[in-house]
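Please keep the sequence and the model in view while reading.

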Amino acid sequence: MKIVAPKECTDFECRVAMTPEVSKKLADLGHEVVIEKGAGALAGMPDAAYEAMGAKIAKDSKSLHQDADIILRVSPPTEGEIKALPKDSILIGMLKPHGNEKLAAELAKRKVTAFALEFIPRISRAQSMDVLSSQSNLAGYKAVIDAAAEFERAMPMMMTAAGMIPPARALILGAGVAGLQAIATARRLGAIVCAFDVRPAVKEQVESLGAVFIEVESIESGEGTGGYAKEMSHDYKKRQQAKLEDVMRQQDIVITTAQIPGKPAPLLISEKMIKEMKTGSIIVDLAVESGGNCAASVAGKVVVKHGIKILGYLNFPSRIPFDASQVYARNVFNFLKLLLGTGGNTLDIDWKDEIVKGAALTHGGDIIHPALKSLAEKEKEI
Ligand code: NAD
């Protein structure tokens, strides 16, 4: 089969869906492996590295997509790229599927079988395919590194002949995959770290990384389904705000990672809290693309408000593109193996497999994912 990966063309995207390592694995299975010219360049993977592993280089998007059986991507295809997808081809990528029935309808119209990796159920068997974890982990790390770079002071405590430099204090809001990595990174850099999450289950994980868990007095738990958080009541939000106002005043660095799947990110940091923080403090809002956890963050911008620098960079994993691509490409390869027969060179899709069913958006000209199917049907009725 012809398996291809394009040069991603959306803004802020430096990652690539196929690395030289994965192209070798696919070539060894007997596939024709092709990348678009320069596909890995922004991730530090030159064309020559692919060629050395048995991949071919297509001069442009059109020749790449021509007769392709499987297309591996990072971000959703643009309108032009959708038109280039061959009928009955398989598309695998992070397709931003939540509520995106427009994309699903276009892919169905082209009779493409599309899999959105974000929809893979987070069960143990699917851990090696979990792009949300692999990318969030690096985003959490990079958020702390970016904060440290902007911070005009040192992170660790230093005892010097010229006196003592105190350690920085960091608060991590949301202790999921990104948050736990942010805690670990800030600790490694020597900061005193505390963290907050609405799911009490993470307290132990936060403490095992050497951070203090901030508790909000309430009988309400934020534990939703599948290990995710749910939206909290008005009363809880008020208590949480009062607690955070107190804690925020003492912090130098705040990294926010709180998300609720398929919903806007919860607003955790108000203007008042920013105003009361110490001048020179840094906030990094990792949730900025889904609305932001901080009232003053602006998507894609660094802003200064009341002397506090707020980083609202888009696409954090893409800010560390080499490693983000390496782990993403391995996730994709592990998912692809599930679609291939035992020899690895023919398609053998088990449509009853819960991972396949969970990720499948379109097949045979129809939208088949229940979440998008019902949205598309509602749209038709209107
Ligand atoms: P996420 O990106 O959806 O959310 C990030 C964090 O924000 C979560 O910990 C969530 O509880 C927290 N949050 C939501 N609202 C908040 C609020 N108002 N205030 C403070 N924090 C808030 O989640 P994620 O990091 O992708 O994953 C969350 C969890 O899913 C993991 O910690 C884990 O338990 C589970 N998970 C399981 C597997 C698996 O294979 N079994 C894999 C990955 C993740």
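This is a predicted model: local features need pLDDT of at least 70, side-chain atom pairs count only at pLDDT 80 or more; totals for chains, interfaces and linings use all residues.

**A buried charged residue**

- D146 lies in helix α6, a helix that runs over residues 131-150.
- D146 counts as buried because its relative accessibility is 7%, and the limit for that class is under 20%.
- When residues up to four places away in sequence are set aside, D146 touches L311, Y313, F316 and R319.

**Surroundings of the ligand**

- The ligand has 23 residues around it, and of these R122, G176, V177, D197 and R199 come nearest.
- Sorted by class, the shell around the ligand is made up of eleven nonpolar, eight polar and four charged residues.
- For D197, an N or O atom of the side chain is placed 2.7 Å from an oxygen atom of the ligand.
- For V177, the atom concerned belongs to the backbone, where an N or O atom lies 2.7 Å from a ligand oxygen atom.
- Q259 also takes part through its backbone, with an N or O atom 3.4 Å from an oxygen atom of the ligand.
- On its own the ligand has 840 Å² of accessible area, of which the protein covers 85%.

**Nonpolar cores**

- In soluble globular proteins, nonpolar side chains tend to be buried together.
- Here the largest nonpolar core has 38 residues, and those with the most contacts inside it are L26, L72, I92, F115, F335 and L336.
- At least two residues of this core come from each of β1 (2-5), α1 (20-28), β2 (32-36), β4 (70-72), β5 (90-93), α11 (321-339) and α12 (354-359).
- Helix α11 gives the most to this core, supplying seven residues.
- F115, leaving aside its neighbours within four places in sequence, is in contact with residues including I90, L91, I92, G93, F335, L339, W351 and V356.

Notes: Residues are numbered from 1 along each chain as its sequence is written. Side-chain values use heavy atoms; hydrogens and water are left out. A residue is near a molecule or strand if one of its heavy atoms lies within 4 Å of it. A polar contact is a pair of N or O atoms within 3.5 Å; within protein, one must be able to donate a hydrogen and the other to accept it, and residues adjacent in sequence count only if both atoms are side-chain atoms. Accessible areas come from the Shrake-Rupley method with a 1.4 Å probe; for residues, only the protein chains shown count as cover. Ala, Val, Leu, Ile, Met, Phe, Trp, Tyr, Cys and Pro count as nonpolar, Asp, Glu, Lys and Arg as charged, and the others, Gly among them, as polar. A nonpolar core is a set of buried Ala, Val, Leu, Ile, Met, Phe, Trp, Tyr and Cys residues joined through side-chain atoms within 4.5 Å. Buried means under 20% relative accessible area, exposed over 50%, partly exposed in between (1.4 Å probe, protein chains only). Helices (H or I, at least four residues) and strands (E, at least two) are DSSP runs, numbered from the N terminus. Contact means heavy atoms within 4.5 Å.
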